[in-house]
Amino acid sequence: MKFLLSFLLFSLTSPALFHVALARGAFNRPISPVDFDSRAYGGSARFLLEDNKSQGSIMQGYMTNKELEEAIKAFGKKCSKISRIYSIGDSVQGFPLWVMEISDKPGQEEAEPAFKYIGNVHGDEPVGRELLLQFANWICDNYLKDPLATLIVENVHLHILPSMNPDGFSLKRRNNANDVDLNRDFPDQFFVINDDEYARQPETKAIMKWMRDVHFTASASLHGGALVANYPWDGTADKRKDYYACPDDETFRFMASVYSRAHHNMSFSQEFQGGITNGASWYPIYGGMQDWNYIHGGCFELTLEITDNKWPPANELATIFEYNKLSMLKLVASLVQTGIHGRIFSSDGGMPLPATITLKGIDYSVKANQKFANYHRLAAPRQKYEVTASMPGYKSKNTSIWLEEGAMSVDFVLDPDTTTKGKGRLIQNCDCYCGNRLDFMGYIWGRYFEAYIFLAVVLVFICFLFQRRMKSRLSKQRLVALPKRTVV
């Protein structure tokens, strides 16, 4: 009875809020304790109210799912030399989750970092899907013309998923077709939610499988409703609204600032200092994709709120893209322009080692790639770091570096730990061993190529001098010996 009276009073006193709540299903869907706590800190940012426009009018000028699919395939044909199109799965209603990969060697595994952009996580935040398609086309059109576009194509594998929630977009609502918020559907570090793999949404499963298939170094998802770059942690252990730093807090602040400072006006925010914010400090959420990427995927992910208006008029999209273009480029380029990078090999035969890289004082590690043994450790610049490479069956090695503004290369060659008697060491069969040894030799040859050329020139010169000297000696011997020879 009390609920009914409150319901009637709410509908009479706040008709606009009532209609929004009704549209979101607030009165016909049970709210879990975690949902309740998350919504308590919604403020005016992540849950902005929709405009009082008809849903039909706000969609005018935006691509439908079918048009988006056609545009993605058209991009693949137009830019076939440096891209490929693939799907990571289907939505609840069976729409493919299309991805555009951009690289000078698309589809090939390389010793390069990978970055992913994801748009339209929430169905009623469609700006990201439009911007990401424009972004892909801009890189295609400006490859070999613009230095940042060229740097990205030749040094990064960029994967772009324009729409994670096509069903929510077509239904004109935040949640997917099963009325689930996809950014609350991932396993959480603080509370036992979403741990049942079979209960997760197909879109969530697709993202998690994608992360297992591709070793992403960093990523970002595009949202609407505010203007800020958000970084982990997104939640707190006690559900309080408070700054809750993750182990790589300084690195994430640096990444968020890279985006914010390159943006047209994000860094001038009056609400968020420098245009960046810690998620839990803004308001806590649980089951988010951002924290899951960092914890389980070894991927540094940001949540980018790129428009105050969730669904702006379509004629504003070109301007919004221009405001965000440089930020999007610089964030991807930062993977190779900053941080610590290298490869790890065994001194016993030169096998590539999928070892672990840690930085002293930071309780987080990244793992080198299995095939190429390459690692890409993002880190805040202008600091001293002690970098350690370790792997079972091998002696750990560490080195101290001063990381400047630019990237630094730190390679490791680990020695087998004879005290373990081979236990835990990487053992491979003959075919793999030979191939890996050749890979190691190729790596050494490529790294010291100039030194080898110089050495070869010196050796040739020495041989030339030696040969001249020998010829001179023989000539002298002949001149001395001729008069003494007898002629028969």
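How many disulfides does a search of the whole structure find? The search finds one. A disulfide here is a pair of cysteine sulfur atoms within 2.5 Å. It joins C79 to C140, with an S to S distance of 2.2 Å. The torsion about the S-S bond of C79 and C140 is about 120 degrees, so this disulfide is right-handed.

This is a predicted model: local features need pLDDT of at least 70, side-chain atom pairs count only at pLDDT 80 or more, and totals for chains, interfaces and linings use all residues. Residues are numbered from 1 along each chain as its sequence is written, and side-chain values use heavy atoms, with hydrogens and water left out.

C79 sits in the loop between α5 (65-78) and β1 (83-90), and C140 in helix α6 (residues 127-142), so the pair ties together parts 61 residues apart in sequence. Helices (H or I, at least four residues) and strands (E, at least two) are DSSP runs, numbered from the N terminus. C79 is buried, at 5% relative accessibility. C140 is buried too, at 14%. Buried means under 20% relative accessible area (1.4 Å probe, protein chains only).

Now turn to the second largest pocket. A pocket is an open set of points on a 1 Å grid over the protein atoms alone, where a 1.4 Å probe fits, with protein on both sides within 12 Å along at least five of seven lines; lining residues have an atom within 4 Å of a point. Its lining has 31 residues, and D213, V214, H215, F216 and N369 lie nearest the centre. Helix α9 gives the largest share of that lining, four residues.

Note on methods: Buried means under 20% relative accessible area, exposed over 50%, partly exposed in between (1.4 Å probe, protein chains only).
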